[in-house]
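Me: Could you walk me through this structure? I would like to know what the words for its parts rest on.

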There are 2 protein chains.
Amino acid sequence: MSKFWSPLVEKLTPYVPGEQPKMANLVKLNTNENPFGPSPKVIEAITAELGDNLRLYPDPEGEALKGTIAQYYSVEKEQIFLGNGSDEVLAHIFYGLFQHGEPVLYPDITYSFYPVYCGLYNIEGKTVPLTDSFEINPEDYRQPNGGIIFPNPNAPTGCYLALDKVEAIVAANPDRVVVVDEAYVDFGGESAIGLVGKYPNLLVCQTLSKARSLAGLRVGFAVGSAELIEALNRVKNSFNSYPLDRLALAGARAAFEDDDWFRATCEGVIGEREWVASRLEELGFEVLPSKANFIFARHPEHTGEALAKGLREQGVIVRHFNKPRISDFLRITTGTADQNKRLIECLEALV
Amino acid sequence: MSKFWSPLVEKLTPYVPGEQPKMANLVKLNTNENPFGPSPKVIEAITAELGDNLRLYPDPEGEALKGTIAQYYSVEKEQIFLGNGSDEVLAHIFYGLFQHGEPVLYPDITYSFYPVYCGLYNIEGKTVPLTDSFEINPEDYRQPNGGIIFPNPNAPTGCYLALDKVEAIVAANPDRVVVVDEAYVDFGGESAIGLVGKYPNLLVCQTLSKARSLAGLRVGFAVGSAELIEALNRVKNSFNSYPLDRLALAGARAAFEDDDWFRATCEGVIGEREWVASRLEELGFEVLPSKANFIFARHPEHTGEALAKGLREQGVIVRHFNKPRISDFLRITTGTADQNKRLIECLEALV
């Protein structure tokens, strides 16, 4: 280790995002991007903001965007926290709300950034196994903890936890913050944002990278009681005053304002997802029930590694996690109709 | 304090950026923004990037932008770290390079975010007084430390430390990282980037918010030995994989590629700064020698508070720090020719 590094740097195990290959003509189904582009009104709004004004700092508090999101979800502006993608929001959550000397709970199969945050901030993490059918069981979250976090739908399984079960976890842990990471909720799930008024310990995190087709713009947010949001604001304002640039703020507002585009593209993704799921089942895959914009599936006669490799050789990139319990699964992003057909054709040649 | 907050949140003292008032027709000389807009080629490059591609994640490593900056400064790509504004870069520096159990040294009068980072990461900070003429004396940095950081030119004084004196500090502390925060260096100073090949403990931090007129886009970077950059990459990749969005990456590259615009606008700012300095001296102000895009000045017969208030009443906003040693100074951003004339007219009415 370098003598210049803080001692903790040596111990970090950074998150590894899905690769962003620079080859042309790839069918890229590995990072859960939306097959549809953002609303044309997003492009218009960014174009309108694009000019000499870039010499000026953005609003550090993003008041206009907070107002738009607050109105959209019928909450107060003071209940909204904005960040540079939901990953930054999650980092501030771990730092500002999870350091209580007891382990933070999350599923054994889940978003692999959670243990990375624990490592970054020296927080103990404790995995809670999913059931044999890869579901979250609320009863398993009745144990001492320093906070709870899980995605809903879960990643990379795509499995959705019904809202009454989410509420059961929140209600059973009134002294700890429960974070529901809803990156994929708009593809068929119901948001827990409607519960934040009832539970001061509930924090819901969302992103504009998935259902709102803006992975390239880096905007995430959290919704919760003003008490929780205040902690995040204190951390953010001790870290970086201006995490969202002028163009991101303008584009994000427009994305919320064009609800027709949002609903139509979400329905388009859901329709394609169901088509892919049916075809996969016809090919003999076991397909977990997904409410996300991806499918998690395994084949009884082929390893995940072999299938991922075989797809890659045909120019189709999916994600494969070489981890316990899920090493035979593929996580397949729902692409355009053409991409999905190509995926199925390539799999037909393999299974 | 809320029972939900991590204990450290209560102790945080967040940074307070200069206000961004929303009133029209203000002469806003309080946040050191560039009076000139960004290069038209920046706008073109962002426009070219603006479209359906926003549905896709940006390159998490920003390789293309790193390549452009590396070529510009004749260093290797592996010597560049990118961040969401230099404030984020600085935060990762404090976390990844300054935790050695000894105090981090910085001037008593300096960028007020440094002690905030110390508070965020529980690092002891130790202020080193500037001389009576508000200069950094390299001899004062020969003492045990866990790292050293100072802006050059310093903020809010604008005073520039000659490169041989910067080098003296770096050379005297071979076992500790010395960070030169060059947010304002392009307005008449010489960058220490030319020294990074010679000193593995030297890290130079810059921003595109000032001389490159892109405060609204949020791009900062650091240049140093690959050993130092690796620590920052580990921290960044444990925090947020994609801190720079597609539009920021594209715009930042174009800003470095249009060197004519950059040089012309820097010269324009320098010319205006010198004009303002002369007029202030004619009005009886003591003006510290500035190599930044702002001026730090006090009047022997008027308090800083009274002058800032008097200017504000006339629609001119400058920054006033109610702190020891500098409470009678005004920090005045160099504006457009019209803004600067208006500033001087308003001051003529006050002194």
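Reply: Happy to! This is a predicted model. Let's begin with a definition: two strands pair if DSSP finds at least two bridges between them.

Me: What makes strand 10 and strand 12 of chain B a pair?

Reply: Strand 10 (residues 294-298) and strand 12 of chain B are joined over five bridges, in the antiparallel sense. The cut-off is at least two bridges, so they count as paired. Across this pairing, Ile295(B) stands opposite Ile332(B).

Me: Which strands form the open sheet in chain B, and in what order?

Reply: Three strands form the open sheet, in the order 9-10-12, with antiparallel pairing. Strand 9 (286-287) and strand 12 (329-333) of chain B each have a single partner strand, so they stand at the edges, with one side of each left without a neighbour in the sheet.

Me: Which helix lies across these strands?

Reply: Helix 9 (residues 259-282) of chain B lies across strands 9, 10 and 12 of chain B, at about 10° to strand 10.

Me: Which residues touch the most other members of the largest nonpolar core?

Reply: Among its 109 residues, they are Phe150(A), Leu202(A), Phe150(B) and Leu202(B). A second, separate core of 74 residues includes Tyr106(A) and Tyr106(B).

Notes: Residues numbered from 1 in each chain as written. Chains lettered and ligands numbered in written order. Predicted model: local features only at pLDDT ≥ 70, side-chain atom pairs only at ≥ 80, totals over all residues. Heavy atoms only, no water. Core = buried A, V, L, I, M, F, W, Y, C linked by side-chain atoms within 4.5 Å. Buried < 20%, exposed > 50% of the residue type's maximum accessible area, 1.4 Å probe, protein only. Helix = DSSP H or I, 4+ residues; strand = E, 2+ residues; numbered from the N terminus. Contact = heavy atoms within 4.5 Å. Axes fitted to C-alpha atoms, helices over the stretch in contact; angles between N-to-C directions.
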